[in-house]
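Please keep the sequence and the structure in view while reading.

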Amino acid sequence: MKMDVKSLTKFEIEELCEQLGLKRYRSDQIFQWLFQKQARSASDMTNLPKDLRNELDKKIHITNIEPAGRQDSRDGTIKFLFRLHDNHLIEAVLIPEFYDDGVANRLTVCISSQVGCVFGCAFCATGKMGYFRSLISGEIVDQLQFINEVSLEKYGKKINNVVYMGMGEPLHNYDAVINSAKIITDPLSLGLSPRRITISTVGLTKRIKQMGDQKLPFNLAISLHAATDEKRDKIMPINASMNLKALREALIHYHNKTGHHVTYEYLLFDEFNDSIDDARRLAGIVKWVPSKINVIMYNNVAGVSLQRARENRLNTFLRTLRDKDITATVRRSRGDDIDAGCGQLAIREDQPKGKTMAKP
């Protein structure tokens, strides 16, 4: 059976080359062909000797994803649909921000790490799909490579920011996600700065601690969305086994090991988690470790009773945080006319439901 090299780490590719009796520089060439030049087979690696390409073709397989659709929002956001080798579908999003003169500035890509999601958050369209499988690291990187080409063509600039906030729970696919982030930062791939990469989680405490122990250089974001266990239990099934106390312990461990700040993502729901008391409790959580808050204006999802908070409640919420000396930024909806906003990514083509933690 052929080895899928796009699931390997850079070190494992070096080991493979050593097993084949190849010199060290060949592994760098192969790595670059895979993750920068997007080779679809060993025969594409034209700076390798022909007999070596033939040998590699017999021993390795290169998994590729295929573009399957694209939607452009009126605000410049682009949503991409990709088909995987087993016909599963995933989505990823390019979110441009512009200078006043209309020139593109920050180009963020929101990528997926799984087909669906097992954690079943009540507000999330992806969670309603259920979970089908995790992506290999190559399938994650491929999303970026394809969208980077679109960015270069459309804006004349490479992508400069990556968030693991698409379909799936990134830390539920820990090894592939961390490997993909390391590949993305490699000079022989996209060469992105590690501080330009943010990995989000609903709060998988064991993996948060592991990120700390490994002293990984990437940013960590916590999908919090409620400041009490009672409210978090209602919308996030994970909280039953990993509550706020456990999250606090994990984040203190993470910060002590890395010294990194943490970002809290807080979707604001009308008359659910947007009261003055909610803001005060959130301010207490923010003081666990050095951190900041992204208050996100929710993109309404069909079949979900939770609704976007009204502007007057948002303003009161923010004022309460400021009174507690907490700095919070507001992230407005982007791409909601094409269902590309936070919580909206889902495949709806008559797909059966996957595994989920959510109760019926």
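Contact, as the word is used here, means heavy atoms within 4.5 Å. This is a predicted model, in which local features need pLDDT of at least 70 and side-chain atom pairs count only at pLDDT 80 or more, while totals for chains, interfaces and linings use all residues. Residues are numbered from 1 along each chain as its sequence is written, and side-chain values use heavy atoms, with hydrogens and water left out.

Helices (H or I, at least four residues) and strands (E, at least two) are DSSP runs, numbered from the N terminus. A residue is called buried under 20% relative accessible area, exposed over 50% and partly exposed in between, with a 1.4 Å probe and protein chains only.

Helix 10, which spans residues 276-286, has D278, A279, L282, A283, I285 and V286 as buried residues. Because these residues cover an arc of only 160° around the axis, they lie on the same side of helix 10; the arc is that of the directions from the helix axis to the C-beta atoms. An α-helix has 3.6 residues a turn, so residues three or four places apart point the same way. The buried residues of helix 10 pack against helix 8 (229-235), helix 9 (244-258), strand 12 (262-268), strand 13 (291-297) and helix 11 (311-323).

Strand 9, made of residues 161-164, has N161 and V163 pointing one way and V162 and Y164 the other way, and all of them are buried. Two strands pair if DSSP finds at least two bridges between them. Strand 9 pairs in the parallel sense over three bridges with strand 6 (residues 104-110), where T108 is the bridge partner of N161. Strand 9 also pairs with strand 10 (residues 197-201), again in the parallel sense over three bridges, and V162 stands opposite I197 there.

A nonpolar core is a set of buried Ala, Val, Leu, Ile, Met, Phe, Trp, Tyr and Cys residues joined through side-chain atoms within 4.5 Å. The largest such core has 111 residues, of which F123, Y164 and Y264 touch the most other members. Leaving aside neighbours within four places in sequence, Y164 is in contact with residues including I111, I140, P170, V177 and I199.

| Residue | Relative accessible area |
|---|---|
| K6 | 1% |
| C110 | 10% |
| C121 | 9% |
| G116 | 0% |
| H225 | 3% |

K6 lies in the loop between strand 1 (3-4) and helix 1 (10-19). The side chains of K6 and D142 are joined by a polar contact of 2.6 Å, a polar contact being a pair of N or O atoms within 3.5 Å of which, within protein, one must be able to donate a hydrogen and the other to accept it, and residues adjacent in sequence count only if both atoms are side-chain atoms.

G116 is in strand 7 (residues 114-116). The C-alpha atoms of G116 and T126 are separated by 5.5 Å, although the two residues are 10 residues apart along the chain.

Which residue has its sulfur closest to that of C121 among the cysteines? It is C124, at 6.3 Å, which is too far for a bond. A search of the whole structure finds zero disulfides, a disulfide being a pair of cysteine sulfur atoms within 2.5 Å.

H225 lies in the loop between strand 11 and helix 8, and its phi is near 70°, a positive value in a residue other than glycine.
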